[in-house]
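Me: I would like to go through the terms used for this model and see what each one rests on. Please set the values against the definitions.

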Amino acid sequence: MSYKSFPKVELHLHLEGGAPPAFIAGLAREKHIDIAKIFDERGNYIYRDFDHFLKVYEAACTTLQGPEDFRRLVLAVLEESAENGVVYSETFLSPEFCGGGDVAAWSDYLAAITDAADEAQRKMDITLKGIITCIRHFGPEQAKTAARCAAETKGDFITGFGMAGAELVGRPGDYAYSFDMAREAGLRITCHAGEWGGPEMVADTIRDIRPERIGHGINAYKDLALVDRIAEQGIVLEVCPGSNVFLNAVKSWKDHPISPLMERGVKVTVSTDDPPFFRTTMTKEFDMLHRTFDWDDGVFRTLNKTALDAAFCDAATKKRIAELLEAA
Ligand code: HPA
Ligand code: ZN
């Protein structure tokens, strides 16, 4: 059995990380950029570990050189998502990869991205919202540049601010200024933590960044008092089990803490992170959760509802998506 046609809500997807490798290889050919070493002989992305993954990711991003490339990227990524039953998606976008953090340049990229999102909505009935993310290993000063871009372009499409990148670089408090700027501009807040860092990283992130949602957050399970605090505060975890298993952040599907976290009352959701990099899709995530934990349609409906409740979008969009989910 497969959950391919089951409707899905996805909250944690890096836009460039959703790029099919053939799409990036095609751009590289068009622009005569030699990035052959990031692909294996079958054309899949290849890397050794998480830090190397980030380098390969950045190498793939060098092929994305203008708004038109991002327009095509959004359509390629959403085609894959829609194919896997996703009806609502939020994607991380980094001005660093779109004009180097300059607000005017970023606005041109954003126009192309929203154009593509509108086209996908019309053609594939999938809704996309954008979360601007600063990149942790680029440092706190560049994070402020990303936050400025976010504050200047907040609107119907850009609804959130977050942080991705190498989690073990710096401390959450180093980035608090950027998150405060984004929050004051009215953006909703999420932040990667507890994928590679331990429970203290999750606790510091909650204290210093005050996110409504945490990207991954899985290592919180090593401190049950913290798990209970996350549950009480209603902080939502954007869990990406296939990513965690592929990158060895968790030993195996059956060892994944998503099930115990949910049983202890934490609001969990399921996403792919960087699907082609981690050889996953939303269908595969649902299928593997079904196979591993015997989760059924009822659990998946709960996951969708939790995700939609926690989505960074307006009430009218939520209502429309809820109706889509209920009709299925
Ligand atoms: N984790 C952290 N940072 C990232 C990722 C990820 O999976 N993808 C792109 N940037
Ligand atoms: Zn991520």
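Reply: Eight strands form an open sheet in the order β1-β2-β3-β4-β5-β6-β7-β8, with parallel pairing. Strands are DSSP runs of E of at least two residues, helices are runs of H or I of at least four, and both are numbered from the N terminus. This is a predicted model, in which local features need pLDDT of at least 70, side-chain atom pairs count only at pLDDT 80 or more, and totals for chains, interfaces and linings use all residues. Residues are numbered from 1 along each chain as its sequence is written, and chains are lettered from A and ligands numbered from 1 in the order in which they are written.

Me: What makes β1 and β8 edge strands?

Reply: β1 (8–14) and β8 (267–270) each pair on one side only. Two strands pair if DSSP finds at least two bridges between them. The twist averages 25° from one strand to the next.

Me: How do you know that β3 and β4 pair?

Reply: β3 and β4 are joined in the parallel sense over 6 bridges, and the definition asks for at least two, so they pair. Ile-131 stands opposite Gly-160 in β4.

Me: Why is Pro-172 called buried?

Reply: A residue is buried if 20 or more other C-beta atoms lie within 10 Å of its own, exposed if 12 or fewer, and partly exposed in between, with C-beta atoms placed from the backbone. Pro-172 has 24 within 10 Å, so it is buried. Pro-172 is found in the loop between β4 and α6.

Me: What is Pro-172 in contact with, leaving aside its neighbours within four places in sequence?

Reply: Pro-172 is in contact with Asp-204, Thr-205, Asp-208 and Ile-209. Contact needs C-beta atoms, placed from the backbone, within 7 Å.

Me: What makes the buried residues of α6 line one face of the helix?

Reply: In α6 (residues 176–184), Ser-178, Phe-179 and Ala-182 are buried. Seen down the axis of α6, they fall within an arc of 95°, so they line one face. The arc is that of the directions from the helix axis to the C-beta atoms. The buried residues of α6 pack against β3 (127–135), α5 (140–153), β4 (158–164), β5 (188–193) and α7 (199–209).

Me: Which residues are around ligand 1?

Reply: They are His-14, Gly-17, Tyr-57, Ala-164, Gly-165, His-192, Ser-243, Asp-273 and Asp-274. A residue counts as near if its C-beta atom, placed from the backbone, lies within 6 Å.

Definitions and conventions: Two residues are in contact if their C-beta atoms, placed from the backbone, lie within 7 Å. Axes are lines fitted to C-alpha atoms, for helices over the stretch in contact, and angles run from 0 to 180 degrees between N-to-C directions.
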